[in-house]
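Subject: Structure handover

Hi,

Here is the structure for you to look over. My notes follow below it.

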Amino acid sequence: KYTDNSNSSGTLSNLSNLQSYNMDIQAAESKVASSEATDYTKTSDEKASSSETFVTAPAKEASGVFMDEDTVISDEARDADKFLLWLSRYPVERNHPRPTTGTIPLWKSGDVMTVQFNEKIPKVFKKLVVEGFLSAPVLDQLHKYVGFVDMLDLVWHTISSFSTWRQTQNQDGASVDFWNAYFQLDKWREGTVADISLIRPMNGVVSQLWRPVHRSFSLLHVTELMARTGLHRVPVVDKEGAVVGIVTQSMIISLFSQNMHFLGCLKDIPVEDMLGGLVQQVATISSKALAVEAFKAMVDKNVSGVAVVDENGKLVETVSIRDLRGIGTNAENFVRLWQDVMTFKEQCRKDFPRQTPHQPLYVTPNETLENVFNNMYDGNIHRVWVVPSATDLTPIHVISQRDILRFLIFRVGLEYSEP
């Protein structure tokens with residue numbers, strides 16, 4: 001969750017040109033205040049012939065300092081300019097992670113919880129679960145930033161540790177070879193951050209180093225970086241390479257949710273306009289599947305959550321990487337992995353009632369971007385399913401936090417292309 005503890009106005013010293021730009025925008029608005037706004041949205045035929053996937057933004061000639069006196073700018077173009085200006089004048093160091101609980105020993109760099117490269121997995125897992133974080137920067141023996149460890153890394157480690165689990169048949173049906181599973185439990189507990197951080201396979205390749213940014217970088221820069229590369233989190237470092245802050249997708253979504261007025265009419269864009277450019281396909285699993293199979297699906301598909309569907313393909317539950325906490329911070333309840341996914345989720349809900357939604361969260365195509373923000377609960381929910389209607393809960397799309405950032409970056413007129 002985002003908190004802003006800074007007294008800074010957020011204005012960067014090198015943005016005098018953007019201030020002039022803002023004055024030009026205001027001057028242009030005053031000239032066309034009584035004019036009817038022009039709708040620059042492309043027709044369906046134009047969209048079909050375009051390489052752009054999202055419904056396009058208002059015409060780019062309607063924004064910027066090159067407008068002539070007769071230019072008529074739409075409400076969306078005006079709000080897009082204001083939104084861009086706000087992001088560009090917002091330095092990353094104004095973002096602060098929420099305070100830690102103070103209930104367990106932590107190593108912190110500034111106000112950021114960190115872990116050590118040689119730290120044991122159970123200790124790291126406990127820190128993430130108790131503090132409610134999904135990731136933490138990793139420091140080496142000199143306390144220099146070397147990367148991140150996140151909950152998907154721990155899911156991968158869990159699946160790898162219990163990869164030899166098998167089912168045997170007896171007169172009562174299928175049962176799990178728990179003796180072998182208990183043997184693998186030692187492997188899980190002896191693992192370190194070095195065993196998983198920076199080396200977890202992603203889409204068949206070793207993941208790239210997490211890229212830090214320095215103080216005074218704008219939030220626009222970080223938002224673009226996340227939108228274009230898929231990074232979930234970026235550390236803020238000083239000139240010596242020490243971690244002094246952190247920016248995550250969740251923190252940005254939280255910031256947007258708390259400052260919805262900066263989005264203007266962008267928040268009223270229908271969900272339907274977002275569907276063409278969504279990154280992920282819906283990953284589903286049967287409600288009768290085992291919990292371990294749900295987590296394995298996340299690793300195999302490199303996603304942080306799956307939709308649980310019934311025999312008719314209707315959405316009945318969501319399982320995410322955060323739900324791995326259901327096995328216990330020392331894996332004392334690891335046998336729950338062999339429960340059916342619905343039972344496993346209900347156990348998680350009992351163990352963590354305040355942090356676990358009571359039902360899967362979804363929107364319909366005719367709802368708005370603001371509805372999506374509301375369903376993400378101030379950045380605490382990382383995905384919202386899209387269903388055809390309130391009476392047809394077939395998950396047809398999923399909107400992730402990155403999807404929102406990608407959509408907004410494109411919608412405000414910035415050229416978008418995959419790196």
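The largest nonpolar core has 48 residues. Those with the most contacts inside this core are Phe 125, Leu 128, Leu 154, Phe 295, Val 306, Val 319 and Ile 327. Bear in mind that the model is predicted.

Take Val 306 from that list. Leaving aside residues up to four places away in sequence, Val 306 touches Ala 283, Ile 285, Ala 294, Ala 297, Met 298, Glu 317, Thr 318, Val 319 and Trp 385.

Another core lies apart from the largest one. This other core has 46 residues, including Tyr 90, Val 236, Met 274 and Leu 405.

Now the helix pair. Helix α4 covers residues 121-131 and helix α5 covers residues 151-161. They pack at an angle of about 140 degrees, and their axes are 11 Å apart. Angles over 145 degrees would count as roughly antiparallel; α4 and α5 are therefore oblique to each other. Their crossing is left-handed.

Which residues make the contact? From α4 come Ile 121, Phe 125 and Leu 128; from α5 come Met 151, Leu 154 and His 157. That splits into 5 nonpolar, 1 polar and no charged.

Overall figures for the protein chain:

- Secondary structure: 13 helices and 19 strands.
- Burial: 53% of the 419 residues are buried.
- Contacts: of those between residues at least 6 apart in sequence, 65% join residues at least 24 apart.

Best wishes

Methods: Residues numbered from 1 in each chain as written. Predicted model: local features only at pLDDT ≥ 70, side-chain atom pairs only at ≥ 80, totals over all residues. Heavy atoms only, no water. Axes fitted to C-alpha atoms, helices over the stretch in contact; angles between N-to-C directions. Helix = DSSP H or I, 4+ residues; strand = E, 2+ residues; numbered from the N terminus. Parallel < 35°, antiparallel > 145°, perpendicular 65-115°, else oblique. Left-handed = near helix turned anticlockwise from the far one by under 90°. Contact = heavy atoms within 4.5 Å. Nonpolar A, V, L, I, M, F, W, Y, C, P; charged D, E, K, R; others polar. Core = buried A, V, L, I, M, F, W, Y, C linked by side-chain atoms within 4.5 Å. Buried < 20%, exposed > 50% of the residue type's maximum accessible area, 1.4 Å probe, protein only.
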